[in-house]
Structures are given as structure tokens and as C-alpha cells.
Amino acid sequence: MCTLEKRGNLFFLTLTGDDDHRLGPDAIDYILSAISQLKSQATPGSVLITTAQGTKFFSNGFDLAWARSADSKSGAVTRLRQMVASFKPVAAELISLPMPTIAALPGHAAAGGFLLSLCHDYILMRRDKGVLYMSEVDLGLPFPDYFAAAMRSKIGSVSARRDVMLKGAKIKGDDAVRMGIAESAHDSAEKTLEAAVRLAEQLAKRKWNGEVYAEIRKSMFPELCGVLGVSTKVIAPKL
């Protein structure tokens, strides 16, 4: 489902399994467990890089096939709601994580996969194949409240949000950079990860206080934190 590896100050959270990297109940539990583990090991200078095996998808979102395999339509709806609810703590943990975070996308990030990447401080993409895509409008599904809050908080351009949420646009790497969604775009999955490591190493050298970093991040996105139920802390300044 996922692995967590530590190399010096850098943590690598890698989505594993089939190439879609669907966010089903087990995968979500594994991700939450990995985040809990890295929080316990965080030190000043720690940085998280989240990526995925393969070269087609970062994540294709919630496991809709599992939801649809329920015995009834109401059962399918219940399963979908279960995934939506269980993924909310993942978003909350990433927004409050006491370290810089980077999503290095080896391929497409769709729906919940897009949301997962958006919960990081930086998104790095490949320009040749990877796209960002919110499929809800095409599937006839409403946006969960925290998905919509993340879009409003993390995508500054109104026209960009319109294209993402109301048009179902499939946004390639260079366009994502132009729209202010992604930090940079690269020529392959390998070069995307290499660029993420370079950025992470630069950030790690700053050896910021993780708790202070997390509180500053929270202060940037008060609406999203409110929807996620993320509380703020008062940290006494060191003078």
C-alpha cells in the first residue's frame, strides 16, 4: 500500500501496489500509519517527499470499484462516504505536519490523488504524461467539504479553480506551473523525483523548528484548517 523510508533528514512516503494507487480503506490506513510514524521521528531539518511506484499514476483517487462492489446502491454510497470520511484525517495530518512537504508526481493525480498532492507544500510534476484532474463533475459527484476548501485555499486563481472544479480540466505539468498549482515540471518521473530531492535537501539545510513551521502553514489556510478540524497552538517565541 505504501512504504516509508528515511534517508538522512528526508522521509520518502511511496505509494505502492497496482499502478492506479487507489485510495481504498486499507491504503488510507497505511498512509495514516506512515504519517504517524514519521511524525514521531521528525527533527529540525526533516522533509517529507511523497511519491509513487510506476510511471502512470501518482494516485487515481478513491477506490470506486470497491464502493460499487457493495450489494446495493445504498451500500455503494455508504462505502464512498466511508472513504471520504477516513481520508479527511490524512489531509488534516499533512496540513499540520511539522516539516516541509513535497509531492513528487510520477504520473496522473486524479480526484483524491489530486487532493493528496494539494495537501503538500510543493507539487512537482512530469510534463510529458502527468496530469492533474478532478473527476467529480464528470462522474456526477459533489465535492466533499474539505476537498472544496482545499481548492479554495490552495489554488489562488478563480479561473484556475473554475477549470479544475467545473470543467474537469486535465492539467499538464507546464500548465499547472503557469496556473500556480505546481512548483515545477520535469521531463520524466525520474527527473521529477530528482528535482524533489534537490528541493528537499535545500529545505532541510534550514533546520527550521517543525512546530513553528506547522503553525505558520496553518495560519496560511484558516478556512481549510477549520473544515478539517485542525487546531492551532500558541508557541512562545525564542528571543
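**Salt bridges and helix packing**

Author: To begin with, R217 is buried, at a relative accessible area of 3%. The model is a predicted one.

Reader: With which residue does R217 form a salt bridge?

Author: R217 lies in helix α10, and its partner is in the loop between α4 (112-118) and β7 (122-126), so the pair ties together parts 96 residues apart in sequence. The closest N and O atoms are 2.8 Å apart, and the partner is D121.

Reader: Are α1 and α3 roughly parallel or roughly antiparallel?

Author: The axes of helix α1 (residues 25-41) and helix α3 (residues 73-95) come within 10 Å and cross at roughly 20 degrees. Angles under 35 degrees count as roughly parallel. Therefore α1 and α3 are roughly parallel.

Reader: Which salt bridge has K39 as a member, and what is its N to O distance?

Author: K39 lies in helix α1 and E93 in helix α3, so this pair ties together parts 54 residues apart in sequence. K39 is partly exposed at 35% relative accessibility, and E93 is partly exposed at 25%. The salt bridge is K39 with E93, at 3.0 Å.

Reader: How are α6 and α7 oriented to each other, roughly parallel or roughly antiparallel?

Author: The axes of helix α6 (residues 145-154) and helix α7 (residues 158-165) come within 9 Å and cross at roughly 150 degrees. An angle over 145 degrees counts as roughly antiparallel. Therefore α6 and α7 are roughly antiparallel.

Definitions and conventions
Residues are numbered from 1 along each chain as its sequence is written. This is a predicted model: local features need pLDDT of at least 70, side-chain atom pairs count only at pLDDT 80 or more; totals for chains, interfaces and linings use all residues. Side-chain values use heavy atoms; hydrogens and water are left out. Axes are lines fitted to C-alpha atoms, for helices over the stretch in contact, and angles run from 0 to 180 degrees between N-to-C directions. Helices (H or I, at least four residues) and strands (E, at least two) are DSSP runs, numbered from the N terminus. Angles under 35 degrees count as roughly parallel, over 145 as roughly antiparallel, 65 to 115 as roughly perpendicular and the rest as oblique. A salt bridge is a side-chain nitrogen of Lys or Arg within 4 Å of a carboxyl oxygen of Asp or Glu. Buried means under 20% relative accessible area, exposed over 50%, partly exposed in between (1.4 Å probe, protein chains only).
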